[in-house]
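Work through the following exercises with the sequence and the structure open beside you. Try each task before reading its solution.

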Amino acid sequence: MKINIIYLYTEIQPYNIAIFHELLKRKNVAIHVFHWDKKILTPYIPPEIENVYYYKKSDFKTVNELFLTIKNLDPTIIYTSGWIDKDYMSVCRKTRKYLSIPVVSGSDTYWRGGKQWLNIIASPFWHRKCFSHIQVSGLWQFEYAHRLGFHAQNILMHNLSADTELFRKISIVQKERSYPKNILYIGRFSPEKGLKYLIEAWNAISDRKSWRLILIGNGPEKNVLIKNKNVEIKDYANQEVLTKYIQNAGCFVLPSIKEQWSLVLHEAATGGLPILASDICGAVPYFVINNYNGYTFKPGNVSEIQLAIEKIIDASEKRLVEMSYNSRKLSEKITPEIVANTFLSVLP
């Protein structure tokens with residue numbers, strides 16, 4: 001039986017490719033990826049892979065043209081990365097109405113209340129008309145999906161995974177000989193990431209004991225960040241390059257003041273880094289345990305961020321290596337294999 005998988009994405013990310021490779025381990029699988037090609041945030045170009053086909057959304061002038069193209073591909077199952085794109089939502093609704101196949105929405109959004117109540121009210125006429133299942137990132141996201149009215153058996157866990165095979169290649173043993181004194185941030189340089197609080201905390205530490213703070217990424221705050229002499233700024237890098245940075249790092253930090261999930265925490269844990277993170281991040285319950293493999297702090301709380309950094313700086317190399325192995329243990333909770341098989345579990 002031919003399995004034609006349709007993905008409706010806003011942006012394709014490197015970690016999606018690891019899921020594709022898992023799906024392609026099955027016979028007779030073809031993956032068709034429809035994606036935004038305008039107004040994207042990251043300059044990532046996906047690789048060419050046998051039996052994976054890419055379609056630019058801008059090539060389709062109407063929703064009906066997009067739907068008919070997908071229908072002609074004889075889809076077995078459809079996955080959309082969420083409900084932000086109204087055209088994708090219309091395609092999903094048409095699919096539910098005219099084709100008898102599962103339609104799965106991904107969701108990394110957790111319940112906060114406020115405007116989300118509007119989605120709760122609209123869900124019987126919108127979300128549940130478009131999707132048969134929701135595949136969520138974690139426990140916090142499960143609550144939101146359940147409030148939207150999806151039954152527990154139609155809520156799938158999990159939908160996001162780091163490329164664990166790639167990041168496990170990073171050697172912790174090498175760090176046992178000489179532990180690197182670099183604290184690493186990877187992500188966008190934008191206000192919601194809380195980098196100004198991280199910089200303030202870093203500058204408040206009088207004796208950094210030869211540790212360095214390295215920020216990797218791009219975004220609107222780059223020109224401001226680059227003026228700080230106590231911080232090193234590196235450009236956006238692909239995942240192979242990131243593994244080299246992680247190999248030479250001794251800790252990962254994520255000071256976000258708003259963060260639905262943050263897959264980079266999974267990558268850091270898989271790479272064997274002690275982790276410092278704000279407790280607002282949706283992935284924290286999975287990949288950070290206080291005093292085990294890292295420390296959490298309140299978002300925007302400079303004194304707590306400073307204290308967390310100082311705990312790393314003051315720790316012995318033996319303790320940091322121990323925390324590194326603990327991070328890798330936690331990373332095994334979610335893998336591309338688990339995500340791929342969970343997704344396909346809705347098929348008869």
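**Exercise 1.** Describe how helix 1 and helix 16 pack, giving the angle and the distance between their axes.

*Solution.* Two packed helices are described by the angle between their axes and the distance between the axes. Helix 1 (residues 14-23) and helix 16 (residues 336-344) meet at an angle of about 65 degrees, and their axes lie 9 Å apart; helices (H or I, at least four residues) and strands (E, at least two) are DSSP runs, numbered from the N terminus. The axes are lines fitted to C-alpha atoms, for helices over the stretch in contact, and angles run from 0 to 180 degrees between N-to-C directions. The crossing of these two helices is right-handed, a term used if the near helix is turned clockwise from the far one by less than a right angle. On the side of helix 1, the contact (heavy atoms within 4.5 Å) is made by Ala18, Ile19, Glu22 and Leu23, while helix 16 brings Pro336, Glu337, Val339, Ala340, Phe343 and Leu344.

The model is a predicted one, in which local features need pLDDT of at least 70 and side-chain atom pairs count only at pLDDT 80 or more, whereas totals for chains, interfaces and linings use all residues. Residues are numbered from 1 along each chain as its sequence is written, and side-chain values use heavy atoms, with hydrogens and water left out.

**Exercise 2.** Follow strand 12 and determine where its side chains point and which strands it pairs with.

*Solution.* In a regular strand the side chains alternate between the two faces of the sheet. In strand 12 (residues 275-278), Ile275 and Ala277 point one way and Leu276 and Ser278 the other way, and all are buried, which means under 20% relative accessible area, whereas exposed is over 50% and partly exposed in between (1.4 Å probe, protein chains only). Strand 12 is joined to strand 11 (residues 251-254) by three bridges, in parallel, with Ile275 as the bridge partner of Phe252. Between these strands the chain passes through helix 12 (residues 264-270), and the β-α-β crossover is right-handed: with the strands pointing away from the viewer, the path from the first strand over the helix to the second runs clockwise. Strand 12 also pairs in the parallel sense with strand 13 (residues 294-297) over four bridges, and there Ala277 stands opposite Thr296.

**Exercise 3.** Locate Asn28 and decide whether it counts as buried, partly exposed or exposed.

*Solution.* Asn28 lies in the loop between helix 1 and strand 2, and it has a positive phi of about 60 degrees although it is not a glycine. At 46% relative accessibility, Asn28 counts as partly exposed.

How values were computed:
Two strands pair if DSSP finds at least two bridges between them.
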